[in-house]
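Please open the model in your viewer and keep the selection tool at hand.

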Amino acid sequence: MNKNTEHQDPNTPEHKRGFNLFTAISVFFLITFILNVILSLPLFNPPIEISYNQFVKMAESGNISKVELWDSEIKVVLKKDFDEKFIHDLLGISYSKNFKNMHQQIFYTGRVEDPDLVRMLKQNDVEFYRPVIRTSPILSFMSRWVFPVVIMYLVYFLLFSRVLRKMGSGGGMMGVGKSTAKVYSMEQSTGVVFADVAGQDEAKESLMEMVDYLHNPEKYQKIGAKQPKGALLVGPPGTGKTLLAKAVAGEAGVPFYSLSGSEFIEMFVGVGASRVRDLFEQAKKDTPCIIFIDEIDAIGKTRDNQLGGNDEREQTLNQLLAEMDGFDSGKGILVLAATNRPEILDKALLRPGRFDRRVIVDKPDLLGREAILKVHADRIVLADDVDLHAIALMTSGAAGADLANMVNEAALRAVKMGRSAVKQEDLMESVEVVIAGKEKRDRVLNPKEREMVAYHEVGHALVSALQKNSTPVTKITIVPRTMGSLGYTMSVPEEERYLMTKDELLAEITTLLGGRAAEMVQFGVVTTGASNDIERATRLARSMVTQYGMSDTFGPMGLESIESQYLDGRAVTTASEHTIAAADEEVRTIIDQCQKDAIRLLEDNRVALVKISEHLLEKENITGEEFMELLEEVKSQA
Ligand code: ADP
Ligand code: MG
Ligand code: ZN
């Protein structure tokens with residue numbers, strides 16, 4: 001076994017397969033083309049088309065020896081001693097070398113509806129017949145049975161030759177199931193340790209135990225404890241599941257066999273299963289080690305599939321289950337798997353003795369985000385003014401991968417600005433880029449639009465500031481961003497909140513509707529600019545009614561449940577149509593009330609709205625402090 005990182009499938013099969021298919025099609029067309037050319041070559045004089053009249057005259061003048069009556073045409077052969085002059089005059093062809101052996105010349109004419117044809121031919125003593133087409137039994141057998149098989153074989157061979165190629169010397173057509181294809185990768189040492197994974201303390205703790213099993217199996221065996229065979233890492237994308245698995249291997253100092261669930265699944269039933277068998281076989285020779293199956297939901301999907309199921313996946317899953325049962329947990333193999341859709345996994349996978357540990361790797365909280373930022377910021381040069389805590393506050397909801405990306409964006413920006421260290425403003429800007437897209441200074445709004453955008457954004461900020469329950473603003477801008485916003489208000493909570501009261505939710509909805517309200521208060525018109533606000537406000541109000549039990553009508557009755565909570569968190573309704581209609585009505589009432597509140601707040605503070613908006617129009621960006629100063633100023637004057 002190689003010492004270093006070894007990836008067992010270096011060639012890019014997708015590419016090769018595409019190439020083969022293309023060649024095959026080209027060759028096929030080339031052959032067809034050549035055959036056609038050969039068949040249409042004029043090996044003898046090409047048949048000459050004549051008119052039906054001419055044909056009749058030929059027959060009546062006794063020049064024709066025989067005719068073939070086909071469905072749509074009549075083929076005419078002249079007598080050996082035909083009347084050259086007559087034919088020449090009839091057809092207007094000059095005497096030529098060709099014409100001399102015209103008895104070999106074949107004429108044809110389209111078949112016309114002519115009831116007298118047969119009588120006419122009989123009268124003129126022309127031999128006529130209608131050819132009977134009979135294919136030879138051998139040929140028909142070939143075309144029905146042999147050709148399709150040959151073609152299927154060819155297609156099969158060309159399409160899947162990569163599989164065949166990989167089977168190596170031992171395999172033949174029937175050896176697919178025994179494929180020795182290796183698609184997993186093996187790293188002798190991952191080079192990742194727990195210290196590289198920040199903010200996932202609970203996850204790390206339970207995985208730390210597993211590392212200990214690998215290190216001191218005797219300790220556990222002595223007391224009779226069986227070590228768990230596997231752990232399932234569950235969490236949203238980008239939270240560090242893959243990283244954690246590598247860290248377990250790195251901490252334990254054991255080889256890391258990894259394979260992505262989607263790589264198991266092949267065209268052929270049996271290939272995935274053979275890969276599983278293969279992977280475990282290799283790993284068993286190399287204990288202690290860690291087997292990591294990423295995106296296990298690709299194979300581990302629950303088997304009660306309505307559409308007849310997927311044989312390949314089922315076989316792969318069964319093989320995986322068998323392998324997991326098959327190895328002895330004392331032997332030092334630990335199977336880790338990752339998924340962001342645990343709810344669709346087959347129950348058999350989750351039963352004790354298989355993936356009996358479930359490690360939740362959730363999105364990081366405030367402290368976690370700060371720690372992750374720190375891990376990644378340690379790799380770049382930072383200026384003194386950098387405050388990672390402030391950045392962590394701004395990035396609520398971001399996963400580890402987002403944060404890593406932000407730090408990198410900031411470093412790129414610093415380089416672009418010609419700086420030698422990353423400053424806080426680079427980080428702030430990169431957060432904004434991730435949230436709202438890059439600044440788009442070349443988008444020109446007309447003055448009226450700019451004014452509207454300014455009032456809209458100040459509307460949000462003002463409504464938010466005026467409701468004491470609501471979080472303050474940190475920045476307002478009317479510089480358009482590439483992700484479509486014409487301006488935005490960034491509000492950052494002072495602390496991270498896990499619970500929200502009903503009043504806070506209502507305040508939030510009111511703030512979201514503040515933008516639209518400002519347009520109405522100041523200009524008396526509404527624009528398309530509020531669509532995103534409206535969507536979010538509606539979603540919040542709906543959640544209040546259907547999920548949080550904050551509805552007056554339904555009380556704590558759940559009308560929706562969350563599906564795939566680690567992905568989009570879509571809400572699926574569980575209520576009857578009648579109930580949903582009533583819930584919609586209630587959502588409307590909430591939105592309506594909040595809208596009225598927002599309008600009232602802005603009308604009462606019209607002076608502040610105008611003053612701050614005009615200021616924003618002038619400056620394009622204002623900070624939370626400036627905003628608060630202006631607001632206080634107006635308040636003190638009143
Ligand atoms: P997942 O497998 O959960 O989708 P990954 O493990 O592939 O996420 O994470 C992608 C990248 O994000 C990692 O390579 C790492 O740079 C960064 N990352 C994610 N979570 C963390 C974390 N908790 N600490 C440090 N870096 C992280
Ligand atoms: Mg991953
Ligand atoms: Zn808005």
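Begin with the zinc ion (ligand 3): the angles subtended by its four donor atoms run from 51 to 144 degrees, which makes the arrangement irregular. Four donors count as tetrahedral if all angles lie between 85 and 135 degrees; four count as square planar, and six as octahedral, if opposite donors are over 155 degrees apart and all others between 65 and 115, and anything else is irregular. For reference, the ideal angle for four tetrahedral donors is 109.5 degrees.

Select the donors next. The protein supplies His-456 (NE2), His-460 (NE2), Asp-533 (OD) and Asp-533 (OD), at 2.0 to 2.8 Å from the zinc ion (ligand 3). Donors here are N, O and S atoms within 2.8 Å of the metal (3.2 Å for Na, K and Ca); water is not among the atoms, so sites may look incomplete. Along the sequence, the spacing of the donor residues reads H-x3-H-x72-D.

This is a predicted model, in which local features need pLDDT of at least 70 and side-chain atom pairs count only at pLDDT 80 or more, while totals for chains, interfaces and linings use all residues. Residues are numbered from 1 along each chain as its sequence is written, chains are lettered from A and ligands numbered from 1 in the order in which they are written, and side-chain values use heavy atoms, with hydrogens and water left out.

**Helix 19**

Select residues 447-466, which form helix 19; His-456 and His-460 both lie in this helix, four residues apart, about one turn. Helices (H or I, at least four residues) and strands (E, at least two) are DSSP runs, numbered from the N terminus. An α-helix has 3.6 residues a turn, so residues three or four places apart point the same way. Are His-456 and His-460 buried or exposed? Both are buried, a term that means under 20% relative accessible area, with exposed over 50% and partly exposed in between (1.4 Å probe, protein chains only).

Two strands pair if DSSP finds at least two bridges between them. Strand 13 (residues 473-477) is joined to strand 17 by three bridges, and Thr-477 stands opposite Asn-621. Four bridges join strand 13 to strand 14, where Lys-475 faces Met-490. Four of the five residues of strand 13 are buried.

Move to the open sheet of five strands, whose order is 2-5-4-3-6 and whose pairing is mixed. Its edge strands are strand 2 (48-49) and strand 6 (127-129), each pairing on one side only. Within the sheet, strand 4 (residues 73-78) and strand 5 (residues 106-110) run antiparallel and are joined by five bridges. Helix 2 (residues 52-60) packs on the sheet and touches strand 3 (64-69), strand 4 and strand 5; its direction makes about 40 degrees with that of strand 4. Such angles run from 0 to 180 degrees between N-to-C directions, with axes fitted to C-alpha atoms, for helices over the stretch in contact. Contact means heavy atoms within 4.5 Å.

Colour the buried residues of helix 2: Tyr-52, Gln-54, Phe-55, Val-56, Met-58 and Ala-59. After the helix comes Gly-62, whose phi is positive, near 75 degrees. Select Asn-63 in the loop between helix 2 and strand 3. At 3% relative accessibility, Asn-63 counts as buried. Its side chain makes a polar contact of 2.9 Å with that of Ser-61. A polar contact is a pair of N or O atoms within 3.5 Å; within protein, one must be able to donate a hydrogen and the other to accept it, and residues adjacent in sequence count only if both atoms are side-chain atoms.

**Strand 8**

Finally, select strand 8 (residues 230-234): five of its five residues are buried, so the strand is largely enclosed by the rest of the structure. Gly-230, Leu-232 and Val-234 lie on one side, with Ala-231 and Leu-233 on the other. Strand 8 runs parallel to strand 11 (residues 333-339), with five bridges between them. Four bridges join strand 8 to strand 12 (residues 357-360), also in parallel, and Leu-232 has Arg-358 as its bridge partner there.
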